[in-house]
Amino acid sequence: MKKIMTAFVGIVLVSSLLLLVINRLNAAKGYSGADTLTVFNWGDYIDMDLVSQFEEETGITVIYETFDSNEAMLTKIQQGGTTYDIAVPSEYMIEKMMEEDLLIPLDHEKLPNLIHIDERFMDLPFDEGNKYSVPYFWGTVGILFNPELLPDKSFTSWNDLWDPDLENGILLIDGAREVIGMGLNSLGYSLNDTNRDHLDEALEKLNTLTPNVKAIVGDENKLLMANNEAAVSIAWSGDARDIMWENEALTYVVPEEGSNLWFDNMVIPKTADNIEGAHQFINFMLDPEIAALNTEYVSYSTPNQSAIELLPEEMVGDERFYPPAELTERLEVYENLGREMLSLYNELFLQFKMHKN
Ligand code: N2P
């Protein structure tokens, strides 16, 4: 018995010592004991080679999952079944998540690369002082179209989409704010309108667009447009940019009545298990060279000023995708309209989809 005890104590001692050494080594490399990191991001929104590079540099294994709307992302985080360490919501959703106490405050001391972000994208009203979120990409919503397939058409207004010649020709984004917003904007109302009559009017107007709607799509939008399978699509600017590299016939416009200006930021949700690793990941993505490579890959507009200096002029000098402040002034950022209003937007979008089918 004594022998067994001695052996047991010995094993405990040796393994504690080993653990101590491992921890020291890990600390020297700058990461905590947790060795996985779960990242929850929009589809097609990162260069996966950079994720591998992060894994190599830190020894952390990244579990990567995607979503296709802010609403879908929120539901998964609220359910709490997965330990998401990083998520990338848009501004109105960040505000809503803050309100619902779903986010962990960031430690700016662990994010030295924050200095590379253009001041224009810092300290925005949805998260003053960037307490909970840091910029990832930004952009607009507009009309992507193919002039070769539609030689006599031009698009300057949302109302141009109601042209009967476009029957079964338009792809829509699968997003409640985007589609209802388009209906509101086409009537001259705000994207943040909360007047029930205006919202009903927007739905009625959208219902009259259905003969022209070919499909309501997610990331397959890009493939369909690149392959000339549809002539027009409502698109986020970066997706439009991405397809335009592939199919040079296409072009992108932000309608004159206005549209949406959006900001997607990285956050650490309350579901996080590896807060230390999450900060490392955010700081890694903010590194100018990494941000530049990521921007080249996804084609969205980067808020990282130091990365912009590393990127080709044909990319960052294009005002359709890097609109100056004078142009963004007439655009609207989605506001967090509160639980009831956001459900109403979702409900109206659902009714529109049902009407379409
Ligand atoms: C990337 C989607 C970008 C999200 N496919 C726009 N907020």
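Analyst: Happy to! The shell around the ligand takes at least three residues from each of domain 2 (30-138 + 263-316) and domain 3 (139-261 + 324-356), with bounds from an automatic or database domain assignment. This is a predicted model, in which local features need pLDDT of at least 70 and side-chain atom pairs count only at pLDDT 80 or more, while totals for chains, interfaces and linings use all residues. Residues are numbered from 1 along each chain as its sequence is written, and side-chain values use heavy atoms, with hydrogens and water left out.

Now to the residues themselves. Around the ligand are Trp-42, Gly-43, Tyr-45, Ser-90, Asp-219, Trp-236, Asp-239, Trp-262, Asp-264 and Tyr-300, where being near requires a heavy atom within 4 Å. By class, five are nonpolar, two polar and three charged; here Ala, Val, Leu, Ile, Met, Phe, Trp, Tyr, Cys and Pro count as nonpolar, Asp, Glu, Lys and Arg as charged, and the others, Gly among them, as polar.

Next come the polar contacts (pairs of N or O atoms within 3.5 Å). A polar side-chain atom of Asp-264 is 2.8 Å from a nitrogen atom of the ligand, and a polar side-chain atom of Asp-219 is 3.1 Å from a ligand nitrogen atom. Gly-43 takes part through its backbone, with a polar atom 2.8 Å from a nitrogen atom of the ligand. On its own the ligand has 270 Å² of accessible area, and the protein covers 98% of that (Shrake-Rupley method, 1.4 Å probe).

How values were computed. Polar contact = N/O pair within 3.5 Å; in protein donor to acceptor, adjacent residues only side chain to side chain.
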